[in-house]
Amino acid sequence: MPNLNFHPAGRHFLQIPGPSPVPDRILRAMSHPTIDHRGPEFGVLGRQVLSGIQQIFKTRHPVVIYPASGTGAWEAALANTLSPGDAVLMYETGHFASLWKKMAERLGLQPEFIALPGTDTETGLPNSWRHGVQADLIGQRLRDDRAHRIKAVCVVHNETSTGVTSNIAAVRRAIDAAGHPALLLVDTISGLASADYRHDEWGVDVTISGSQKGLMLPPGISFNALSPKALEASKTSKLPKSFWAWDEIVEMNQTGYWPYTPNTNLLYGLAEAIDMILAEGLDNVYTRHDRLAAACRGAVQAWGLTTQCADPAVHSPVLTGVVTPVGVDADQVRALIYERFNMSLGAGLGKLKGRMFRIGHLGDCNDLTLMATLAGCEMGLRLAGVKLGDSGVAAAMEQLAATSTALARHPH
Ligand code: PLP
């Protein structure tokens, strides 16, 4: 037998920006026996999660829950609203926006990718991978589209590959100011229940999200929150769909059931997660994430390193991307931290491979989780020979101590 120890003493620190650690309460809730998905008890559970999740998306309209990862919900959003050959305007914020565009191509759509041009002189990295969506670029492109060929605008709210959270309300205003009828499709797979999000108020037509990030669940369920305009578009959209089709699901969801076998045990977990999030209060959840993210950035600054996000107005509350100095392979630093300190950090993805790593501070995360995480990073960076300025741990500790308040307690 190979001598692999998958269970070293102490807990593993899963500090990637999703999947995030699953709290004990949720693990326990998911361990209930699986019930008949057509039986009377299931309808109660179904109705409970379907109405609870509306509160998390801040919508009065239907939210479709799929037994799929976020990628499935991306496909569902496109397939339900669009037809072969439709032009869609997508914005390059990073790796996930790029993957969504590739999917649009594979589905037979005609995506047009726009981006902030140029390269950042400090890091040599693409500007658009260091900044948020520039709503004015979208507005300009839509004004030029007098024939209204563009059927949808697709943006990523929290770009998990960079740690940038874009201003969705500004994108909505730009579409309205251009007087353009395009649908607005938003991916907040890694933003929901961590970063402020308002499906109805921001006039989003389809919001896409997933279970394994701010909702603190394992991977395996994903969401489409709809608007009346999106539901209307689904009646004429011609991209092939069957499993993903909203009509039958929305219809059956009214009684708390699904047209197929849903992911029962993940739905138990979802009910528990919604309880936990609403008990804390969504605003408190957002404030907790903002505060942890600010302390993490304080540490990066003290180290003398650069955050991937270059615009202070759009730093992500979910994760922080840390650019390693030229010549330092970020993947080697991550590997060293994994081996020595049993902590997983997010890799640089796509154009950022080896250039940066990502610290997740989302979901079931508090001051001491972050402090341990930063200690692991600081020790690992030093061991990797990276010259650090001051102690990021000391800086974050001071920042957190100065802003700490009594914890809101609810039963575990
Ligand atoms: N979009 C964003 C912003 C993501 O962070 C992810 C996954 O991390 C995805 C899409 C793809 O989701 P999944 O891996 O659950 O299919």
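Helices (H or I, at least four residues) and strands (E, at least two) are DSSP runs, numbered from the N terminus. Before you start, note that this is a predicted model, in which local features need pLDDT of at least 70 and side-chain atom pairs count only at pLDDT 80 or more, while totals for chains, interfaces and linings use all residues. Residues are numbered from 1 along each chain as its sequence is written, and side-chain values use heavy atoms, with hydrogens and water left out.

**Helix α9.** Select residues 264-280, which make up helix α9. Step on to Gly-281, which follows α9 and has a positive phi, near 95°.

**The sheet.** Now show the seven strands of the open, mixed sheet, in the order β2-β10-β9-β8-β5-β3-β4; two strands pair if DSSP finds at least two bridges between them. At the edges sit β2 (63-66) and β4 (110-114), each pairing on one side only. Zoom in on β8 (residues 183-187) and β9 (residues 206-210), a parallel pair with three bridges. Here Val-186 stands opposite Thr-207 in β9.

**The cysteines.** Finally, pick Cys-296, which is buried at 0% relative accessibility. Its sulfur lies 7.1 Å from the closest cysteine sulfur, in Cys-377, too far for a bond; a disulfide is a pair of cysteine sulfur atoms within 2.5 Å. Cys-365 is also buried, with a relative accessible area of 6%, and its nearest cysteine sulfur, that of Cys-296, is 9.1 Å away. The disulfide count comes to zero.

Conventions:
The expected span of a helix is 1.5 Å times one less than its number of residues. Buried means under 20% relative accessible area, exposed over 50%, partly exposed in between (1.4 Å probe, protein chains only).
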